[in-house]
Amino acid sequence: MQNAMSSTFQAPLQVPLSQSGNLRRQIKFNGVKRRPMVVAASVNVEVNDAARGSAGGLGRNNKEVMEAEKKLLVGTYNRAPVVLASGKGCKLYDAEGREYLDLSSGIAVNALGHGDADWIKAVVDQANVLTHVSNMYYSIPQIELAKRLVACSFADRVFFSNTGTEANEAAIKFARKFQRHSNPDSKEPATEFVSFTNSFHGRTMGALALTSKEHYRSPFEPVMPGVNFVEYGNIEATRKLIQPGKTAAVFVEPIQGEGGIYSATKEFLQFLRDACDDAGALLVFDEVQCGLGRTGYLWAHEHYGIFPDIMTLAKPLAGGLPIGAALVTEKVASAINYGDHGSTFAGSPLVCNAAIAVLDKISNPAFLASVSKKGHYFKETLKQKLARNPHVKDVRGLGLIIGIEFDVSATPLVDACRDSGLLVLTAGKGNVVRLVPPLIISEQELDQAVEILCKTLPVLDSNSN
C-alpha cells in the first residue's frame, strides 16, 4: 500500500485519501485551504499514479469496486458496469479515467452539471456555518428558499421533504386532510385518488400505490387502497372516475419521464382542472422530473397555462443534495395543523442554501430561454438525423427532456452508447431512450451526443432479428 499522503485526487474538490479511509485532512477548494473535516470511505482506497486518468479520474480498478458492491450493498440496483469517480460540467470520469458525456444527469438531477462553482460555494459556505438543526427550530436558508419558491410559483406555502416520493406522500396526506377539513360533517369524506397509465410517483407505499407499473407494486401488495388508474390523456374515461365525495385528488405528471416522455395536452390538463373543481377534489402536478427549468419553463405546467392545488418537486432543486417539496395553495395549507406531518432532515440549512443557488440560476429568464433554444435544436437535429432509421418510431419531448421511441428494446443501444462514451437512460417499456442532460449543456456537446447515437444505432439491427 502506498504512503497515505503520496497522492491527491486532482479535481475541483481535492481530498487526500488515507489508508484507513477515515482520517482528518485539510481540503482545498480552488486552491484555498479549508478547516479540517472528516472524509469517510466505505472501503480502503489506494491511488496509483499509473491508473489515474488524464482528467483526474480516481485511480481504482472498476472491477474491484463492483465486486465489493455485490458483497456490501442490498441488491436493489441493476447498475451499469461503470464506477464514476469525478465530474465537471457535462462530463463524467470513471475510476480508470475514461470520459463520458452525461445525458442522464443523475436521472434529471444535476441541472447545473457537475462541479458548478456557485453551488460548491453555497455548500461549503453553509457547511462552515450550520448544517442541520431539525424542524424544531427556525433556520434562515429554509425561509429564504421558501420565499423564492412562493414568489416564482402559484403556491402560497411550502412543505419540505427529502425526496420526490416523500413530496408525493405529503401530497397524499394533505389531500385526505383537506377533504376532512372541507367536509367536517361527512362521516366518510373523499379518500380515493386518480392516477394514470405510465405514471411514476415514487417507491414508498403511498406513492407506489399511485404508480401504474405493476412490477413495481406487486411484490409489496397490498399497497394503499383507493387508487383508480385510467389512460393518460383520455378525457372521457377520466370523467367517469372523478366523483364528488369519493375523489380526494388527481395526481398527474404534465410530462411523464419514467413512463416514456409523454406530454399531456392542454385540453386534458384543463379538463382535469375543471373536473377537480367541480368535484371538490385537489389537482396535484408531479413535477419531480419535468419541473425546474427542464422544459424551458420554470414549471412544466406554465407551458399549458393551467395551475394545480399542489405541486411536488425534488430532483434538481438542490443540485444533487437530497430535497423534495410540496408547494400548496393557501386553501390546502389551511387544512394542515401542527403535527399533521413532519421530517427530521427536511429543509436543513445546508441543503436549502444549495437549493437557493440552483433556483437563482435556473429561474433566470435568460437561462430558461437558453434551455428552450437548446431543446428545440436538439430535438430537431435528432429528428433530422434519425428520420430514415426504420427502428425509430418517434422523437418527442419539450426543452431538454426528450424521448426517442424504438420498435425494439433500447437497452442494447444504451449499452453501446455507454461503451462509446455517452450516458443515456431508458424509459417507458424499455423501448424509449430518455435524454435529460444538464441544462447547461452546449450545442456542441449535443451534436456530439447525436453523433454517438447515430454511430451506435446499427446495434439495434442485430438485436431485432
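**Briefing: salt bridges, sheet and cores**

Glu144 and Lys147 sit 3 residues apart, about one turn, in helix H4 (residues 140-151); helices (H or I, at least four residues) and strands (E, at least two) are DSSP runs numbered from the N terminus. This is a predicted model, where local features need pLDDT of at least 70, side-chain atom pairs count only at pLDDT 80 or more, and totals for chains, interfaces and linings use all residues. Residues are numbered from 1 along each chain as its sequence is written, and side-chain values use heavy atoms, with hydrogens and water left out.

**Salt bridges**
- The count comes to 21 salt bridges (a side-chain nitrogen of Lys or Arg within 4 Å of a carboxyl oxygen of Asp or Glu).
- Glu144 bridges to Lys147, with the closest N and O atoms 3.5 Å apart.
- A salt-bridge network links Glu144, Lys147, Arg148 and Asp360.
- Glu144 is partly exposed at 28% relative accessibility (buried means under 20% relative accessible area, exposed over 50%, partly exposed in between; 1.4 Å probe, protein chains only).
- In helix H9 (residues 266-279), Asp277 and Arg273 lie 4 residues apart, about one turn. Their closest N and O atoms are 2.8 Å apart.
- Asp277 is partly exposed at 45%, whereas Arg273 is buried at 11%.

**The S16-S17-S20-S19 sheet**
- Four strands form an open antiparallel sheet in this order (strands pair if DSSP finds at least two bridges between them).
- Strands S16 (392-398) and S19 (425-427) are the edges; each has a single partner, so one side of each lacks a neighbour in the sheet.
- S16 and S17 (residues 401-406) pair over 6 bridges. Leu398 has Ile401 in S17 as its bridge partner.
- Helix H12 (residues 365-386) packs on the sheet, touching S16, S17 and S20 (432-435), at about 175° to S16 (axes are lines fitted to C-alpha atoms, for helices over the stretch in contact; angles run from 0 to 180 degrees between N-to-C directions).
- Lys393 forms a salt bridge with Glu405, closest N and O atoms 3.7 Å apart. Lys393 is in S16 and Glu405 in S17, so the pair ties together parts 12 residues apart in sequence.
- Lys393 is exposed at 55%; Glu405 is buried at 12%.

**Nonpolar cores**
- The largest core has 65 residues, of which Leu382, Ile404 and Leu435 touch the most other members (a core is a set of buried Ala, Val, Leu, Ile, Met, Phe, Trp, Tyr and Cys residues joined through side-chain atoms within 4.5 Å).
- Helix H11 (residues 349-362) gives the largest share, 9 residues.
- A second, separate core of 30 residues includes Ile235, Ala275, Ala279 and Ile306.

Methods
Contact = heavy atoms within 4.5 Å.
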